[in-house]
Amino acid sequence: MDDLEKPETGWRGSREGWLEAAYGALIREGVDGVKILPLAEQLKLSRTSFYWFFQNRDALLAALAEMWEARTTAPLTAATREFAETETEAMLNVIACFLRPETFDTKLEFAMRGWGLKDPAILARVAQADQQRLAALAALLERWGHGPLDADVRARTVYLVQIGYISMQADETLETRLERIPSYVEIYTGRPPEPREIARFRGRFGL
């Protein structure tokens, strides 16, 4: 097989492979660690193969920002719209989203906030995401009867607690976190969750 017949993935790697390698570098080293040559060496690919998938480093960084939105903002806003029989169950849907790495990538969130300290465009993008997430949380609370101001304050309480966990890189076991969930729900909504709701919630985590 000559070069023209070789598949786009394999000897050149793949777009997903380059992106995941860049993700790992961003998590470990911050945005300054996302460089084409070290990624190529890590993947055991030529530096030129990168350009089959990305025009330049800026294009790779843009793809990382899109990945962040897909792994954080999109699932969180979706969680605020999930079906729930009660307000407390609706809040448990949100909390479950935050606790699962597949629905809220806290490592990537932390890395993006660090990146934003160096790049005003990324900082603006993070601020926009903050507003979008807060609006979704406030809308959830308004649907359950809270007035606009009350919903806004409660939404900020929910969100800022979670971002605090991420920013402080709080070292807390899942079991410890789950023990606190009923109290968090009562603070966030003004109502304690039913035992059956907590049982279903814990079941999501195999507990």
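User: How much of the chain counts as buried?

Analyst: Of its 207 residues, 44% are buried. Buried means under 20% relative accessible area, exposed over 50%, and partly exposed in between, with a 1.4 Å probe and protein chains only. This is a predicted model, where local features need pLDDT of at least 70, side-chain atom pairs count only at pLDDT 80 or more, and totals for chains, interfaces and linings use all residues. Residues are numbered from 1 along each chain as its sequence is written, and side-chain values use heavy atoms, with hydrogens and water left out.

User: OK. How many helices and strands?

Analyst: 10 helices and 0 strands. Both are DSSP runs numbered from the N terminus: helices are H or I with at least four residues, strands are E with at least two.

User: What does the C-alpha trace span?

Analyst: About 65 × 40 × 30 Å along the principal axes.

User: Which domains are assigned?

Analyst: Domain 1 covers 9–54 and domain 2 covers 62–204. Those bounds come from an automatic or database domain assignment. The domain centres, taken over C-alpha atoms, are 31 Å apart.

User: How many residues of each are in contact?

Analyst: 11 residues of domain 1 are in contact with 10 residues of domain 2. Contact means heavy atoms within 4.5 Å.

User: And what area is buried between them?

Analyst: About 940 Å², with carbon and sulfur atoms giving 75% of it. That area is the accessible area (1.4 Å probe) that the two parts lose on being put together, summed over both.

User: Switching to single residues. Where is Met112?

Analyst: Met112 sits in helix α6, residues 106–116.

User: Why does Met112 count as buried?

Analyst: Because its relative accessible area is 0%.

User: Which residues is Met112 in contact with?

Analyst: Leaving aside neighbours within four places in sequence, Met112 is in contact with Ala65, Trp68, Ile122 and Val126.

User: How far apart are Met112 and Phe205?

Analyst: They are 93 residues apart in sequence and 27 Å apart in space, C-alpha to C-alpha.

User: What about Thr77, which helix?

Analyst: Helix α4, residues 73–79. Thr77 counts as buried because its relative accessibility is 9%. Leaving aside neighbours within four places in sequence, Thr77 is in contact with Gln132 and Ala136.

User: Last topic, charges. How many positive and negative side chains?

Analyst: 26 positive and 31 negative, with the centres of the two sets 2 Å apart. Lys and Arg count as positive, Asp and Glu as negative; His and the chain ends are not counted. Each charge is placed at NZ of Lys, CZ of Arg, CG of Asp or CD of Glu.
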